[in-house]
Amino acid sequence: MDLAEADPAVKRRLRLELAGEAGPEDLAAEVSKRLTAIETRRSRVHWRKYKDFVRDLDLQRAMIAGKMAEQSPALAVTFLWRFLAMSEGVFDLTRDDKGEVEAAFRTAVEDLGRVAVGSGVPGVQLAEEAFRAMEADEVLITARLVEVLLPALDAAGVARLRGLLTERLARKGRPRLGFRVAIQQLADAQGDVDGYIATLAASEVLQPLIGAGIASRLTAAGRAPEALAALKQSAPPAYADLARSPSRVVTSSVGLVVWEEAYLQALEADGQGELAQTVRWLGFEQRLSPDLLRAYLKRLADFDDVVAEDKAMAHVAGTPSFIDALRFFMAWPALSQAAALILARPSEIVEDDDESLQDAAAALQGRYPLAATLLYRALIAVMLRQGRRSWYPKAATWMAECEAMVQLIGDYGAFESHAEFVRKTGPIPSF
């Protein structure tokens, strides 16, 4: 009590903790007083008081989502709605350069989703409160509200919230950002694929990522032919003529990978497994995708997969891009093939990807020290040629690794020995 009298923050915390022990009504009264003080505050928060203010704000949230939620979840839900409703006013009072005030409110959104489950609050009531919160939200605190609240909404609650949001979108005036995404989430919760598609513009369904999303939903709903039709109209340009031009090189991208996965799922669901395998193999050949090759081999009969894997490794070894081939072998992993690639094509070891070369050298030096040495030498040569001072300590480490592998290598064959490399390179600068 003496400490509390000397420190308002400690006193406030002590009152809350004691009220929490007394019961939810006492705790609610204490929290309510503090929230009222924040709601009615008119003076801005001085920067020197920013941390104390944030600490107090987060304390109120934690007490609501913690002790109050344990004792009376329904009451905690009511207070969390009130807490979120303060956000606009609080942002007007603070300069939140560090984002700590925003973090407190976003955490409250997450708390609300957790506490609402099993709180006994009717789904329709939750839906109406959520709509009011989203409609009033000027600072996009409620961006994830529907997503986190879905587990607490029954069928009636989902339908009510979707109806309110749809009605708002249909009215004149610009709705809050995120309303359409919320409607899409609710349509997914209801298993309404057509309702999800109805939220999209005609130009959007032509985009690969969106087309993939539509197709995945149609496939899951047992509508594979429609999924394939959606994919056909949203196909990435390089993929449009895949069946007719299998030699075309397809450049990898996020949109392509997602679209391709949706395409393969739809083909399998439509009974076109053979075509799906063709797509997987062509995708592997063109982009050296380990995931596509694994999926392809997994669907082959015993022994056929061994033959196909050997063919795949030979294809990778002969690919024009040394670094792409090395990345594939390391990701597979196929260390012996990676070492053979390095020994067969040493002149092609260039600084396209420093990190890949370093990782490969570290992985190879135990079993394939000569291959690892060639990678380290290439990195050292680039560093010295470009005069990268920040790399000098690394280069010294790589040179030490090369020296440590001398005994493991023994015979360097057609490659210069470590001593010859050191004489030609000269000392690594020490600064």
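Which residues form one aromatic cluster? They are Trp281, Phe284, Tyr296, Phe328, Phe329 and Trp332. Welcome to this predicted model, in which local features need pLDDT of at least 70, side-chain atom pairs count only at pLDDT 80 or more, and totals for chains, interfaces and linings use all residues. Residues are numbered from 1 along each chain as its sequence is written, and side-chain values use heavy atoms, with hydrogens and water left out.

**Aromatic rings**

- Rings of Phe, Tyr and Trp (its six-membered ring) pair if their centres lie within 6.5 Å; planes under 30 degrees apart count as stacked, over 60 as edge-to-face and the rest as tilted.
- By this rule, the structure has 9 aromatic pairs.
- One of them joins Phe284 and Phe328, a tilted pair with 5.7 Å from centre to centre and 55° between the planes.
- Phe284 belongs to helix α16 (residues 273-287) and Phe328 to helix α19 (residues 322-331), so this pair ties together parts that are 44 residues apart in sequence.
- Helices here (H or I, at least four residues) are DSSP runs, as are strands (E, at least two), and both are numbered from the N terminus.
- Phe328 also pairs with Phe329: the ring centres are 6.0 Å apart and the planes stand at 70°, so this pair is edge-to-face.
- Phe284 and Phe328 are both buried, where buried means under 20% relative accessible area, exposed means over 50%, and partly exposed lies in between (1.4 Å probe, protein chains only).
- For Phe328 the relative accessible area is 2%, and Phe329 is buried as well, at 1%.

**A charge over a ring**

- The charged end of Arg217 sits over the ring of Tyr196, 3.8 Å from the ring centre.
- To count as sitting over a ring, NZ of Lys or CZ of Arg must be within 6 Å of the ring centre and within 35 degrees of the ring normal.

**Salt bridges**

- A salt bridge is a side-chain nitrogen of Lys or Arg within 4 Å of a carboxyl oxygen of Asp or Glu, and a search of the whole structure finds 27 of them.
- Glu30 and Lys33 form one, with their closest N and O atoms 3.4 Å apart.
- Both residues lie in helix α3 (residues 24-39), 3 residues apart, so about one helical turn separates them.
- Glu30 is buried, at 17% relative accessibility, whereas Lys33 is partly exposed, at 48%.
- In helix α8 (residues 123-136), Glu129 and Arg132 are likewise 3 residues apart, about one turn of the helix, and they form a salt bridge whose closest N and O atoms are 3.5 Å apart.
- Glu129 is partly exposed, with a relative accessible area of 24%, and Arg132 is partly exposed, with 48%.
- Arg144 and Glu147 make another salt bridge, the closest N and O atoms being 3.0 Å apart.
- Arg144 is partly exposed at 37% relative accessibility, and Glu147 is partly exposed at 41%.
- Elsewhere, salt bridges that share partners link Asp58, Arg61, Asp111 and Arg114 into one network.

**How α3 and α5 pack**

- α3 packs with helix α5 (residues 73-85) at an angle of about 5°, and the two axes are 11 Å apart.
- That angle makes α3 roughly parallel to α5, as angles under 35 degrees count as roughly parallel, over 145 as roughly antiparallel, 65 to 115 as roughly perpendicular and the rest as oblique.
- The axes are lines fitted to C-alpha atoms, for helices over the stretch in contact, and the angles run from 0 to 180 degrees between N-to-C directions.
- From α3, Pro24, Ala28, Val31, Ser32, Leu35, Thr36 and Glu39 meet Leu75, Phe79, Arg82 and Phe83 in α5, where contact means heavy atoms within 4.5 Å.

**Two residues to look up**

- Val121 lies in the loop between α7 (100-116) and α8, and Val121 is buried, with a relative accessible area of 14%.
- Leaving aside residues up to four places away in sequence, Val121 touches Ala74, Val77 and Leu126.
- From Val121 to Gly191 there are 70 residues in sequence and 24 Å in space, C-alpha to C-alpha.
- Asp354 is found in helix α21 (residues 354-364) and is buried, at 16% relative accessible area.
- Not counting residues up to four places away in sequence, Asp354 touches Leu379, Arg388 and Trp391.
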